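User: I would like to learn how to read helices, loops and pockets in a model. Could we work through one together?
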Amino acid sequence: MKTDIKSLLLPELEQALAQMGEPRFRAKQIYKWLHTGARSFEEMTNLSKPLRGALAERFAITAPEILRKQVSRIDGTVKYLWRLRDGSAVESVVMHYEHGNTICISTEVGCAMGCAFCASTLGGLVRRLAPSEMLDQVLFAQLDTGERISNIVLMGIGEPLDNFDSVVQFLRLVNSDDGLHIGMRHISLSTCGLVPRIRELAALDLQLTLSVSLHAPDNETRSRIMPVNRRYDVDTLLAACRDYFDATGRRISYEYAMIDGVNDTPQHAKLLAEKLAGTGSHVNLIRLNHVEESPLKPSTPAHLKAFVEILSESGINVTVRRRLGSDIDASCGQLRRKTAMEDLTEHI
Ligand code: SAH
């Protein structure tokens with residue numbers, strides 16, 4: 001097995017090159033090629049031919065293929081379906097905002113978390129992505145659109161904290177001076193609430209934004225829609241979130257998908273406001289996106305409005321997430337491998 005060279009940070013690459021008797025600056029040259037999208041060592045024209053050959057014997061360069069690209073006619077949102085080296089497919093979405101372009105990337109092929117409303121988990125977890133495969137989504141989307149991507153959200157397929165080491169390595173790669181150099185403050189990581197991993201992340205003090213998919217303020221409701229709650233319940237999760245804020249100084253953002261008759265009553269809103277009081281946290285309400293296999297329906301506009309009012313009257317910072325790319329199924333929870341594969345057979 002060849003080493004996945006794009007998953008190495010510059011100091012790690014320097015070490016690997018030193019073992020081949022190459023000076024440090026060579027590692028930097030190669031790192032730059034990799035982080036600007038080189039697909040082969042042959043492209044690295046400032047390296048000697050023998051060195052290019054020696055590198056190709058030891059290392060492999062990941063580079064996904066665009067299997068499918070859809071552009072929203074409504075708002076220009078772009079959805080990519082990538083084919084990875086083992087034939088697996090994952091999706092990313094590029095959204096255009098006034099403050100710049102944001103990419104939503106996948107961290108796993110499938111997902112093991114089993115949330116009742118989410119399409120990504122329907123086929124279970126196939127495998128976790130390598131750091132290079134997360135970086136590639138940003139790199140090749142940027143090359144394809146020809147526009148700089150300034151923000152990243154880890155909210156695509158998969159549970160980022162279930163792929164902890166690779167995700168952290170990816171964050172360091174994409175943040176590195178000689179790489180894409182995207183600031184940690186421009187990155188959001190979303191988790192369903194793997195408490196020990198939230199604590200590990202806090203210890204790293206990375207300055208990114210942590211989003212927590214809460215979706216209910218009480219254990220009965222939350223366990224019904226999110227199996228992870230049976231392992232780490234609401235209060236255990238909220239305690240970890242408070243400690244995260246104390247350790248990093250970064251406020252948590254909570255995601256809450258509004259599901260008709262399940263988590264959208266005034267009682268839920270009041271309890272949520274009580275539990276988050278004084279934390280300065282932000283609640284992002286999401287209109288539930290319809291997933292074909294699920295009986296769950298989005299809340300009515302009236303229930304959504306009442307929910308927002310209760311939260312804001314209680315002093316909770318609340319917004320309703322804008323829907324982008326609705327004509328291309330690019331919204332939260334709609335990305336999934338099976339759909340991708342069906343789409344493929346239709347369009348090839
Ligand atoms: N596993 C991570 C990140 C991926 S999901 C997490 O759970 O946070 C990104 C967000 O979309 C999460 O808040 C998730 O709960 C939400 N989501 C999933 N399915 C959805 C759906 N059908 N409608 C609206 N939001 C959904």
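This is a predicted model: local features need pLDDT of at least 70, side-chain atom pairs count only at pLDDT 80 or more; totals for chains, interfaces and linings use all residues.

User: Where does helix α8 lie, and how many residues does it have?

Analyst: Helix α8 covers residues 234-248 and has 15 residues. From its first C-alpha to its last it reaches 21 Å, close to the 21 Å expected at 1.5 Å a residue. Gly-249 follows α8, and its phi is positive, near 75 degrees.

User: Which residues of α8 are buried?

Analyst: The general idea comes first. An α-helix has 3.6 residues a turn, so residues three or four places apart point the same way. In α8 the buried residues are Val-234, Leu-237, Leu-238, Ala-240, Cys-241, Tyr-244 and Thr-248. They cover an arc of only 155 degrees around the axis, so they sit on the same side of α8.

User: What do the buried residues of α8 pack against?

Analyst: Their partners are the helices α6 (195-204), α7 (219-225) and α9 (266-276), together with the strands β11 (209-213) and β12 (253-258).

User: Is Leu-214 buried or exposed?

Analyst: Leu-214 belongs to the loop between β11 and α7. Its relative accessible area is 1%, and because buried means under 20%, Leu-214 counts as buried. Leaving aside neighbours within four places in sequence, Leu-214 is in contact with Leu-237 and Leu-238, and also with Arg-222, Met-226, Tyr-254, Glu-255 and Leu-272. Leu-237 and Leu-238 are also among the buried residues of α8.

User: Where is Ser-106 found, and what does its side chain lie 2.6 Å from?

Analyst: Ser-106 is in the loop between β6 (100-104) and β7 (108-110). This residue is buried, with a relative accessible area of 0%. A polar atom of its side chain lies 2.6 Å from the backbone oxygen of Glu-91. Not counting residues up to four places away in sequence, Ser-106 touches Glu-91, Val-90, Leu-129, Met-134, Gln-137, Gly-156 and Ile-157.

User: How should I read the largest pocket, and how many residues line it?

Analyst: Rolling a probe the size of a water molecule over the atoms shows where empty space is left. Here the largest pocket holds about 770 Å³ of space. Its lining has 33 residues, of which Tyr-97, Val-153, Met-155, Asn-284 and Arg-321 lie nearest its centre.

User: Which strand gives the most to that lining?

Analyst: β13 (282-287) does, with 4 residues. Other strands that each supply at least two residues include β5 (89-97), β9 (149-154) and β10 (187-191).

Key
Residues are numbered from 1 along each chain as its sequence is written. Side-chain values use heavy atoms; hydrogens and water are left out. Buried means under 20% relative accessible area, exposed over 50%, partly exposed in between (1.4 Å probe, protein chains only). A polar contact is a pair of N or O atoms within 3.5 Å; within protein, one must be able to donate a hydrogen and the other to accept it, and residues adjacent in sequence count only if both atoms are side-chain atoms. Contact means heavy atoms within 4.5 Å. The expected span of a helix is 1.5 Å times one less than its number of residues. The arc is that of the directions from the helix axis to the C-beta atoms. On a 1 Å grid over the protein atoms alone, a cavity is a set of points where a 1.4 Å probe fits but cannot get out, and a pocket is an open set with protein on both sides within 12 Å along at least five of seven lines; lining residues have an atom within 4 Å of a point. Grid points are joined across faces, edges and corners, and a volume is the space filled by probe spheres set on the points.
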